[in-house]
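Dear colleague,

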Amino acid sequence: MGSKYTKRYTEEFKRDAIALVDSSGKTVTAVARELGISSKSLRGWYRRAKADRGEGESGELTGAEREELKRLRKEVREQQQTVEILKRATAFFVKENDR
């Protein structure tokens, strides 16, 4: 099954499904069955929501932390590229001055 068959759910639907698990006392599997969605999807949303509330497994990142990590990794990549460019430029100018 390819990704083009993946259903997209709105954030509001996800929030409502998560709230239903919290308020109904039913299992994730039972709520997913009632809503006609995969329990794997709902379990993932539920785990992420708990992490975002700071109730996740130890070491699990909140949404804000995941975003920050993505931003920092991009920043590091850009800085590494800059360092490489500066190294090459320095080597070039050192060679030019030796002439």
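Predicted model: local features only at pLDDT ≥ 70, side-chain atom pairs only at ≥ 80, totals over all residues.

Residues are numbered from 1 along each chain as its sequence is written, and side-chain values use heavy atoms, with hydrogens and water left out.

The structure holds seven salt bridges, a salt bridge being a side-chain nitrogen of Lys or Arg within 4 Å of a carboxyl oxygen of Asp or Glu. One of them joins the side chains of E11 and K14, with a distance of 3.6 Å from N to O. Both residues belong to helix α1, which covers residues 11-24, and they are three residues apart there, about one turn of the helix (helices, H or I, are DSSP runs of at least four residues, numbered from the N terminus). E11 counts as exposed at 51% relative accessibility, whereas K14 is partly exposed at 21% (buried means under 20% relative accessible area, exposed over 50%, and partly exposed in between, with a 1.4 Å probe and protein chains only).

The closest N and O atoms of E67 and K70 are 3.6 Å apart. Of the two partners, E67 is partly exposed, with a relative accessible area of 48%, and K70 is exposed at 55%.

The salt bridge between the side chains of R53 and D22, at 3.5 Å from N to O, links distant parts of the chain, since R53 sits in the loop between α3 and α4 while D22 is in helix α1, 31 residues away. Both partners are partly exposed, R53 with a relative accessible area of 41% and D22 with 40%.

Finally, which residues does T62 touch, not counting those up to four places away in sequence? They are A51 and D52, where a contact means heavy atoms within 4.5 Å. T62 lies in the loop between α3 (39-52) and α4 (63-98), and T62 is buried, because its relative accessible area is 18%.

Technical notes
Helix = DSSP H or I, 4+ residues; strand = E, 2+ residues; numbered from the N terminus.
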